[in-house]
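Open the model in your viewer and keep the selection tool at hand.

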Amino acid sequence: MILFRKFRVLILMVFLVACTMHIMIDLLPKLEKRATGPNSGNGGCSCSHNPSEEPRNWAKQRARSAAEPGWPNKHTLRILQDFSNEPNSNLSSHSLEKVINTGDKAESFKRIKQFAPNADGQKTLIKDTRDGRTQPVQTVSRLSALFEHPLYKTDLPPLTDDDTLFNVNTDIRFYPKAAGNQEWHNEGNEEDEEYNPTGEATAESYPNWLRFHIGITRYELYSRHNPVIDALLKDLVSQSITSVAMKSGGTQLKLIMTFQNYGQALFKPMKQTREQETPPDFFYFSDFERHNAEIAAFHLDRILDFRRVPPVAGRLVNMTREIRDVTRDKKLWRTFFISPANNICFYGECSYYCSTEHALCGKPDQIEGSLAAFLPDLALAKRKTWRNPWRRSYHKRKKAEWEVDPDYCDEVKQTPPYDRGSRLLDIMDMTIFDFLMGNMDRHHYETFEKFGNDTFIIHLDNGRGFGKHSHDEISILVPLSQCCRVKRSTYLRLQLLAKEDYKLSSLMEESLRRDRLAPILIQPHLEAMDRRLRLVLKVLADCVEKEGYSAVVEDDLDGQPASHQRPGGR
Amino acid sequence: STEFFSKHGSKLEHLFAHPLYKISLPDLGPDDVLLQKEELMEYYRRKVSRWERQQKYYIEAAAASNISVFDQPVTFDPHASWLKFHLGINRHALYSREDDNIDRLLQDMQSAAIISADYTQDEKALKGLCDCTQVVKPSGHHLKLALKLQDFGKAMFKPMRQERHEETPEDFFYFVDFQRHNAEIAAFHLDRVLDFRRVPPVVGRLINMTKEILHTTHNEDLRSVFFTSPANNTCFFAKCLYVCKTEYAVCGRPDLLEGSMSAYLPGLSIAPRISIPNPWIRSYSFTGRAEWEVNPLYCDTIKQHYPYNSGDRLLNIIDMAIFDFLTGNMDRHHYEIFTKFGDDGFLLHFDNARGFGRHSQDEMSILAPLSQCCMIKRSTLLRLKLLAQPEYQLSDVMRESLDRDPLRPILTEPHLSALDRRLERVLRVVMKCVKKLGEQQVVIADIEEAS
């Protein structure tokens, strides 16, 4: 039906596309100047690029979209003003303090409107990015060997409109209408012509953060070899920061950074050096959040093939130019000072460690931090927050129920949504993920509301991992040892990562080397992951021995033989 | 003669045997002594009987609510070392040079049974109010306890917050620096070596947090800040600093905790003191500068105003500045004097826990009173010169003196050698003054020529 209607505008479309091409070709020299990276030259014809030609190695991927740089100035200003009034982010790292208000919503509509004037190219985008699997290995890295392994080539079920977060044919096109076209003209920006809602722009012209949002499905935050993710990671490091706000709520200091291309990211500043460990007397809820843990968690999640952590990149930020001078937040601005050692410091306002004693100081004004890409605004993609059944007591003396009841899992298994679907197995995945990092602070998890109960869980807020390399917190594994259940795909991958050729620590080291702030983890942390992986496998082996393989391992590979790779994409 | 000075051939003993340390002071009249013996004994007796009464009620109440209490017997001892210390305080110093009671007092504070633990008065005065936005925390916010000993002596306990080798982070302002128990101990020894005797005796002690604090306190609030850490250590915290997340708890290993025990002075009701702002107080803000930091002629103004226009007060301030410069303590915002001795009384050098934070840096601004006023007591200058000589080297006598503390080593070597370096700098400042103004102007004779 939708396609049929399209025939009527097809001629007009072709005409408009031709016009756009002309404009683009005219603009090309200008764009080249602004774009960074060696491959930005092909940016102009990204619509025709063939994904199978792209190198597998994602550090090399520099594909950029044509329209990404060069937004009109007035526009930037307006967005800047709007955001500064809305310090509440859409990524609620501390879900309890999540705030949705109408201002946010209107703003999101405006943003979507600018980037999604026409969503027709959307289907191709998703398809393109999924197809990158069949290409040959170009480097001899362990990491690419891992991603070449059949276990990393399993297919997902075919996607329907219900399985994508944004239904490109209806939803995204619908947003501008919902927000009202009038507003568009009210802005009075004549330069906006090229993004006008009748739409000539193709999906490839969307900024990477929007392409990341559009790519979210029922099964994953991003697909395995999505070039957009690498481009997005690069954006996080290189896009200029136009505005900074403090994230309200949350326990520790986090900043919301808005980029030139209107993308947003959550900034967690460095609080501890790489070598520092959490003091033994600290409780999990008094621990510091570590920027390198955020970065490492994203890489670990990708190596485990979960793909449930939003992309995170490390960045060296200039505190003067990129924070103090671009924030309109008085509370934040007020806390900047110059230390006796002549370094720029600030401490912000929050409930944990926001005082002079814990001021964050640059050297003299450069500070390290992690930048985590925002998830789609809550107004566009609502999320559900679930209490982790194995949540800790968050009390110095009290114990949680699961700590005293060995049969706790039997109870959980009978409670919706854990009584059906893959939710319990997803919790097991998360448990393993957290144990490998040593993250004891997983009190809640989130899902996208649109997908109901049959969807993956998002692994947000990993800053409290990687605190102690010399200690394995066995209690994190309690869900696994109590439930004795695991996905076959996860089990096989864990076994693979324990092999010398695919050793987790080497893979992580290689993956983390690509971050701007490398080294992200010191060697003892990397080695601890190998040790913890063996402990996970030991727990699973004990379970299998006790309850039998079929009772423990759930076959989620759906008949896909692990050793055989299906040809091509769907 | 005393146990403290018994080591033969020691530099420290030589120092104290030096004529400069033998200068006798004028005889003391009744007005020159802080306390009358009868008055103090009466005060003591009343305190003990009140304690015994309260203890009886407390034990009954505890028994009713099924809390086990350790009933510590109290002894009334008319020869208690703290009592003698209080009686010995006079117009010139907190104790006399040859007072062997000080060593007894140190010994008692280190080993006597603790019968009660409580918050200090300045913490109680805050009435539990915490203002987390305050950049400069009031002194009551810091973790310290008033411990009562078996003979009814009292000591201020400051727990260990930093390892000996740790320095104050370079980005820390003086008003957020840590409180160091070893600085308290070292300050007492330095003060004694300098022959000032204005710091109440301090000794290090290993405290059993459970037995000696948690089980002895009657304060419900104090009991509520105790907990067991994930590493199974006993911990407790300063309420406000913990609530405001500026500071984590202090933890024992598993319940033994190092700290400094600083002898209490006589209660304010029998020996009132006043607290006076230091004229060279800092701005206590990130950006602000105090007047003395920008005005090189600041001292000329100070000299014209009461009480600095007459008597020894200004010279005493300069003594204090030299003392603070040697320890690196920038946090001397106030000083105290006993009201009884009036304007010419000595200054108490309280609260030295923020010294010895940076051995690699000499904060010259602490010396501002000396460098701006260009005057120094003759006795002080002679002793400083003596301590700069190799036979009496300050670092050596300090090392020897500190070696007598049960928590030795108190200071790391870099801190000890920093003392020598700083002493050199003090003498250089004096020399510069003498060159500029002449010895007559700079060196103020306060003693008869002794050598």
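Contact here means heavy atoms within 4.5 Å. This is a predicted model, in which local features need pLDDT of at least 70, side-chain atom pairs count only at pLDDT 80 or more, and totals for chains, interfaces and linings use all residues. Residues are numbered from 1 along each chain as its sequence is written, chains are lettered from A and ligands numbered from 1 in the order in which they are written, and side-chain values use heavy atoms, with hydrogens and water left out.

**Stop 1: Gln252(A).** Select Gln252(A), in the loop between strand E1 (241-246) and strand E2 (255-259) of chain A. Helices (H or I, at least four residues) and strands (E, at least two) are DSSP runs, numbered from the N terminus. Beyond residues up to four places away in sequence, Gln252(A) touches Lys271(A), Asp287(A), Phe288(A), Glu289(A), Cys350(A), Tyr352(A), Tyr353(A) and Arg464(A). Is Gln252(A) buried or exposed? Gln252(A) is buried, because its relative accessible area is 2%; buried means under 20%, exposed over 50%, and partly exposed in between (1.4 Å probe, protein chains only).

**Stop 2: the annotated positions.** An unreviewed UniProt entry gives the feature "binding site" at positions including Gln252(A), Lys268(A), Glu289(A), Leu375(A) and Asp461(A). UniProt positions are in the numbering used here, feature names are shortened, and annotations may be inferred rather than shown by experiment. Move to Leu375(A), in the loop between strand E8 (366-373) and strand E9 (383-387) of chain A. Leu375(A) counts as buried because its relative accessible area is 0%.

**Stop 3: chain A as a whole.** Show chain A, which has 20 helices and 12 strands. Of its 570 residues, 60% count as buried.

**Stop 4: Phe286(B).** Phe286(B) sits in the loop between strand E9 (273-277) and helix H10 (291-294) of chain B. Leaving aside neighbours within four places in sequence, Phe286(B) is in contact with Phe337(A), Tyr347(A) and Thr356(A), and with Val135(B), Phe173(B) and Phe175(B).

**Stop 5: the cores.** A nonpolar core is a set of buried Ala, Val, Leu, Ile, Met, Phe, Trp, Tyr and Cys residues joined through side-chain atoms within 4.5 Å. Select Phe236(B), Trp280(B) and Phe338(B), the residues with the most contacts inside the largest core, which has 147 residues. Helix H12 (residues 313-327) of chain B supplies the largest share of this core, 9 residues. Among the contacts of Trp280(B) outside four places in sequence are Trp292(B), Leu314(B) and Cys373(B). Finish at a second, separate core of 120 residues, which includes Leu255(A), Val317(A), Leu360(A) and Val486(A).
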